[in-house]
Amino acid sequence: MSVIDEQGRPEPPVAADEVTTLLGFLDFHRATLRWKTADLDTAGLTARLAPTDMTLGGLLKHVAWVEDEWFGARLHDEPTDEPWEVADWDADRDWEWTSAGADSPQELRALWEGAVERSRVRTERALADGGLDTLARRPSSDGTTPSLRWILVHMIEEYARHNGHADLLRQSVDGLVGE
Amino acid sequence: MTQNTLDTRITEPSATADETEMLLFCLERARAQFAWKVGGLDADALRRPFPPSAMTLGGLVKHLALVEEMKMAEFVDGEHLTEPWRQEHFQADPEWDWHSAASDTPEELYALWQRAVARSRAGWAAALARGGLDQPSLFTTDSGWSPNLRRVLVDLIDEYCRHTGHADLFREAVDGLVGEDPPQAS
């Protein structure tokens, strides 16, 4: 029963419980990134804003990787999704950022939307299993295992910060602004 | 530590952190990340424009100080805003916080933000001790809805992270500083 705003985004709930609120904010931020990258062609998605190397297309591919990494690989210890499995990370640690320039807008959007959909299914499964206290099945490199609560909050923060990047990148492409 | 050096320490939450501990940790981390990207700058850097954006690093500092205080005043403790947040400033210019930052010294801007954070930290602790995140805030919409403190706190974290995204790019242009988290003393 969420309110849809002028950009078609579902607003986060006003007075809900922890799960509904966190999922609401995450979906609002996914919708914000969709808005900030909408209707752009390759020129728009590869446009540069000095001095950063980030592009809007790179953001879409990076965030797709983040979704699969946290909700698939870390939370459920699932095999790595494509195209991350075949990517040559040894040759380029920033592969998802740099390879985005060669992907069409359609490919980039499909990749990101697919990752979001996978994340939603994976989140529902984990919530059903053990709620927000469910621990990630694959530990971090330091041996810690974050909870689903930690993962959801981290995703909100990461989306919010990247939407800040997207705000400036999009504004420099065609002047589109807005929170 | 010079006067213009802001606190960028991050204290990890316990492994069994509940919702309140987790969100308060996230707010402190968001403040530390923001402080890292906007701290220790001189007046030229804080005033520097980054076209086509109208924002500046100094404007970000003053805006977040206002956000912290307004959340307190409108939602959490109801205490009125004090200097410099006069109504007549905002009646003349709804974006007074952004625009007036250029007239403030770095010391004034950083002190303003630190004072707002101190007030906010105390106010959140007191409010959450009273009855947790499900409590309705002090604000009621025309249609009778009250955001709960959970919504208000996540909004505040959210706003910090989004503006740190802006600060990421501005700071990189100023002196090349990049990175997600401020370095921590080991």
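Modeller: In chain B, among contacts between residues at least 6 apart in sequence, 70% join residues at least 24 apart. In chain A the corresponding share is 63%. Note that this is a predicted model.

Biologist: What secondary structure does chain B have?

Modeller: Chain B has 7 helices and 0 strands, and from the N terminus on its elements run α-α-α-α-α-α-α. Chain A comes to 6 helices and 0 strands, with the pattern α-α-α-α-α-α along the sequence.

Biologist: Why is chain B called as compact as a globular protein of its length?

Modeller: The globule rule gives 16 Å for 186 residues, and the radius of gyration of chain B is 17 Å; the value is close to the rule, so chain B counts as compact as a globular protein of that length. The C-alpha trace of chain B spans about 50 × 45 × 30 Å along its principal axes.

Biologist: How do you know that the radius of gyration of chain A agrees with a compact globule?

Modeller: For 179 residues a compact globule would have a radius of gyration near 16 Å, and chain A has 16 Å, so the value agrees. Its C-alpha trace spans about 45 × 45 × 25 Å along the principal axes.

Biologist: What makes a residue buried, and how many residues of chain B are buried, as a percentage?

Modeller: A residue is buried if 20 or more other C-beta atoms lie within 10 Å of its own. By that criterion, buried residues make up 40% of the 186 residues in chain B. In chain A, buried residues make up 40% of the 179 residues.

Biologist: How many residues of chain B are in contact with chain A?

Modeller: 26 residues of chain B are in contact with 24 residues of chain A. On the chain B side, the elements that give two or more residues are α1 (19-38) and α7. The largest share, 15 residues, comes from α7(B). By class, that side of chain B divides into 12 nonpolar, 7 polar and 7 charged residues.

Biologist: Why are α1(A) and α7(B) called roughly parallel?

Modeller: Helix α1 (residues 18-37) of chain A and helix α7 (residues 149-175) of chain B pack at an angle of about 30°, with their axes 11 Å apart. Angles under 35 degrees count as roughly parallel, and the pair is therefore roughly parallel. The crossing of these two helices is right-handed. The contact is made by A:Glu18, A:Thr21 and A:Phe25 of α1(A) and by B:Arg150, B:Arg151, B:Val154 and B:Asp158 of α7(B). By class, this contact has 2 nonpolar, 1 polar and 4 charged residues.

Biologist: What makes α6(A) and α1(B) roughly parallel to each other?

Modeller: Helix α6 (residues 148-174) of chain A packs with α1(B) at an angle of about 30°, and their axes are 11 Å apart. With the cut-off at under 35 degrees, α6(A) and α1(B) are therefore roughly parallel.

Biologist: What is the handedness of the crossing of α6(A) and α1(B), and which residues make the contact?

Modeller: α6(A) passes α1(B) in a right-handed crossing. The contact is made by A:Arg149, A:Trp150, A:Val153 and A:Glu157 of α6(A) and B:Glu19, B:Met22, B:Cys26 and B:Ala30 of α1(B). By class, that contact has 5 nonpolar, no polar and 3 charged residues.

Definitions and conventions
Residues are numbered from 1 along each chain as its sequence is written. Chains are lettered from A and ligands numbered from 1 in the order in which they are written. This is a predicted model: local features need pLDDT of at least 70, side-chain atom pairs count only at pLDDT 80 or more; totals for chains, interfaces and linings use all residues. Helices (H or I, at least four residues) and strands (E, at least two) are DSSP runs, numbered from the N terminus. The radius of gyration is taken over C-alpha atoms; the globule rule is 2.2 Å times the number of residues to the power 0.38. A residue is buried if 20 or more other C-beta atoms lie within 10 Å of its own, exposed if 12 or fewer, and partly exposed in between; C-beta atoms are placed from the backbone. Two residues are in contact if their C-beta atoms, placed from the backbone, lie within 7 Å. Axes are lines fitted to C-alpha atoms, for helices over the stretch in contact, and angles run from 0 to 180 degrees between N-to-C directions. Angles under 35 degrees count as roughly parallel, over 145 as roughly antiparallel, 65 to 115 as roughly perpendicular and the rest as oblique. A crossing is left-handed if the near helix is turned anticlockwise from the far one by less than a right angle, and right-handed if clockwise. Ala, Val, Leu, Ile, Met, Phe, Trp, Tyr, Cys and Pro count as nonpolar, Asp, Glu, Lys and Arg as charged, and the others, Gly among them, as polar.
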